[in-house]
Amino acid sequence: DNSYTFSFLFVFFVLILFRPAFSINTLSSTESLTISSNRTLVSRGNVFELGFFRTNSSSRWYLGIWYKKVSDRTYVWVANRDNPLSSSIGTLKISNMNLVLLDHSNKSVWSTNRTRGNERSSPVVAELLANGNFVMRDYNNNGASGFLWQSFDYPTDTLLPEMKLGYDLKTGLNRFLTSWKSSDDPSSGDFLYKLQNRRLPEFYLSSGVFRLYRSGPWNGIGFSGIPEDEKLSYMVYNFTENSEEVAYTFRMTNNSIYSRLTLSSKGDFQRLTWDPSLEIWNMFWSSPVDPQCDSYIMCGAYAYCDVNTSPVCNCIQGFNPRNIQRWDQRVWAGGCVRRTQLSCNGDGFTRMKNMKLPETTMAIVDRSIGEKECEKRCLSDCNCTAFANADIRNGGTGCVIWTGRLDDMRNYVADHGQDLYVRLAAADLV
């Protein structure tokens, strides 16, 4: 029937013609996104979608990015998390080389806030990239050098593949995660997961001024305090430390698998991977894992936590509890003290296996020397209290030396953690 064929072709061509208006990945400087239009930006490959949303319990509107292909609506970035739109009138557009989000009275509730430098006069465009990065870039340059702003520099509670967590030393930007207030409230919550860039950088989970957990330093394979983040065949981890950046990132070798790191509203740092057959986010690991041994400085100075001992806190060999009565009452904060003072001559080392390395605030790092040279250097410095390899790959390389208290240690089952050599007076080397 010709009329049926004609109708079908007409509808087909109309759909083809008008499809770009509803699912396109760029926003030009003459276009806008509004709540009322229902229009969204969809990344190439259809994995991510950017638009306006409301949470279940709220009448307020947010601009955010979520997984398009995942049945359970999962938000990975929120622009105006602490400044929601109070009514269903909101507009995202490009204005004066900035992305701005305007409310019902045309007041800006969020903007990319770029101060204009020597700008080129070429037009700009906003684009949702295939990896979930929302960028504002030069119209004529879609490479990273053309990015004028990117959402990957301002994470919410989620780290996606190819995002970086840590410092951009050129711009002074520190990218960190901030939890949602609750599972249904995207405003800034109580928990931060942030890199402290010291001599040996590591991540801290904190709430207000309180540190709750420490990742341990990067050992070439992973963070010594997150042994659960096993090498997965479809994931490549990378920690870069050079004059331009100190940052952690991961990428997927199989792009059909969705995996993310998230800081939950309850303060758990988790790796989640989507299981399409069960339609759930599968939790690979969550840290802190163990409420006792992963708690920050649980056992005090010169002590370590071991889940397989009772009590869990133990003094290092050659050390005794500072206050034995309190220690016996399982109040461990006072930590341990040396039995025999170091003489600086004739001292030696006890080897502690499978350890999460102590906090590295006061550590000295030299990546150019190996273990034997590291031991010599520690012995020649009367303030040195311990040493370890900086990198555990290929039998171990590099040298970390501690010159103060040893804090926040725990040990793990075999094949996790690494060797730590603690300096003792000769009398305590049994």
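In this predicted model, R377 is partly exposed, with 35% relative accessibility, whereas D366, at 19%, counts as buried; buried denotes under 20% relative accessible area, exposed over 50%, and partly exposed the range in between, computed with a 1.4 Å probe on protein chains only. R377 and D366 form a salt bridge whose closest N and O atoms are 2.8 Å apart. Since R377 belongs to helix α3 (residues 371–380) and D366 to strand β31 (residues 363–366), the pair ties together parts 11 residues apart in sequence. Helices (H or I, at least four residues) and strands (E, at least two) are DSSP runs numbered from the N terminus.

A salt bridge here requires a side-chain nitrogen of Lys or Arg within 4 Å of a carboxyl oxygen of Asp or Glu. The whole structure contains 21 salt bridges. One of them joins K170 to E244, with 3.9 Å between the closest N and O atoms. K170 sits in the loop between β15 (165–168) and β16 (173–175), and E244 in the loop between β21 (235–241) and β22 (245–252), so this contact ties together parts 74 residues apart in sequence. K170 is exposed at 58% relative accessible area, while E244 is partly exposed at 42%. K170 and E244 also belong to a salt-bridge network with D153, D168 and R175.

D347 and R423 form a further salt bridge, their closest N and O atoms being 3.1 Å apart. This pair links distant parts of the chain, 76 residues apart: D347 in the loop between β29 (336–338) and β30 (348–356), and R423 in strand β35 (residues 418–424). Both D347 and R423 are buried.

Residues are numbered from 1 along each chain as its sequence is written, and side-chain values use heavy atoms, leaving out hydrogens and water. Because the model is predicted, local features need pLDDT of at least 70 and side-chain atom pairs count only at pLDDT 80 or more, whereas totals for chains, interfaces and linings use all residues.
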